[in-house]
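Hi everyone, thanks for coming. Let's take a short walk through a protein structure together, so please have a look at the picture first.

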Amino acid sequence: MAHLQGRERAAFVRGMFDRIARRYDLMNRLMTFGRDKAWRRYAVQQAAVPANGRLLDIATGTGDIAFEALRQSGGQVQVIGADFATQMMRVGQQRPGGQWVLWCSADTLALPCADATFDAVTSGYLLRNVIDVEGALKEQIRVLKAGGRLVALDTTPPPPGLLRPFILLYLRSVIPLLGKLIAGDTAAYTYLPESTQAFKTAEELASIMRDVGLREVRFRRFMFGTMAVHVGIKSRDSV
């Protein structure tokens, strides 16, 4: 499925996330041994949204990052959760505190937001799935205020090393099996490792972020190098 392109890929990804919405959070906890919560916590910390600021969380899904932002701020920031998979957001709306997130159906390549609206833009597992990484980043930069932060949590291809064969075995065999047993959807959890292996390395994504105009770009790896949180700042002289 990772070979799909254009609208066909977008339609597949939307349908896939809508199908697995009810089991999505449980599968994330199982696949990451519960470490995904720490990565989202770190991502929100890097966003550094000021008190009474505004955060846009793209590909919010069931709202994990959005809820974490509210928790860290004590409810002192306005959080907009945007996604094109509406079933995922419906699950999030039913979670405790769901009423404090402003949910929005949106295409990441054409956000329904004015320029320079947000103090930070976050995303979790978005960029690996979009058909135009540069376009998605540019659109996030557009809606960021000057000096605002763009933070992206995503998977990265397993790095070379002694652990690589074991990581690949886990991606190619264990995750699809878990997907079948827990979510009842082998296809979705076959796509995940395929898209991970086909995605940019952490260094390549950082380079793209710099190319589209972000400054002070940096990243931190997690889980044996298979996850990374990237951070970049919109230049104050950006239009």
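This is a predicted model: local features need pLDDT of at least 70, side-chain atom pairs count only at pLDDT 80 or more; totals for chains, interfaces and linings use all residues.

Residues are numbered from 1 along each chain as its sequence is written, and side-chain values use heavy atoms, with hydrogens and water left out.

Back to Phe-84. You'll find Phe-84 in the loop between strand 2 (78-83) and helix 5 (86-93). Helices here are DSSP runs of H or I with at least four residues, strands are runs of E with at least two, and both are numbered from the N terminus. Leaving aside neighbours within four places in sequence, Phe-84 is in contact with Ala-10, Val-13, Arg-14 and Ala-106. Contact means heavy atoms within 4.5 Å.

Now look at helix 4, residues 64-73. Seven of its ten residues are buried, so helix 4 is largely enclosed by the rest of the structure.

What is the relative accessible area of Asp-64? The value is 11%, so Asp-64 is buried. Its side chain makes a polar contact of 3.2 Å with that of Arg-29, and another of 2.9 Å with that of Arg-95. A polar contact is a pair of N or O atoms within 3.5 Å; within protein, one must be able to donate a hydrogen and the other to accept it, and residues adjacent in sequence count only if both atoms are side-chain atoms. Beyond four places in sequence, Asp-64 also touches Asp-25, Asp-36 and Arg-40.

Helix 2 (residues 21-31) and helix 3 (residues 36-47) pack at about 100°, with axes 8 Å apart. The axes are lines fitted to C-alpha atoms over the stretch in contact, and angles run from 0 to 180 degrees between N-to-C directions. Helix 2 and helix 3 are therefore roughly perpendicular. On the helix 2 side, the contact is made by Tyr-24, Asn-28 and Arg-29, and on the helix 3 side by Asp-36, Lys-37 and Arg-40.

Finally, the inside. The largest nonpolar core has 45 residues, and Tyr-24, Ile-175 and Tyr-189 are among those with the most contacts inside it. A nonpolar core is a set of buried Ala, Val, Leu, Ile, Met, Phe, Trp, Tyr and Cys residues joined through side-chain atoms within 4.5 Å. A second, separate core of 28 residues includes Val-121 and Val-212.

Let's finish with helix 8, residues 188-198, where Tyr-189 sits. Tyr-189 counts as buried because its relative accessibility is 2%. Its contacts include Tyr-24, Met-31 and Ile-175. Thr-196 is in helix 8 as well, and touches Arg-128, Thr-155, Thr-156 and Pro-157.

Technical notes
Buried means under 20% relative accessible area, exposed over 50%, partly exposed in between (1.4 Å probe, protein chains only). Angles under 35 degrees count as roughly parallel, over 145 as roughly antiparallel, 65 to 115 as roughly perpendicular and the rest as oblique.
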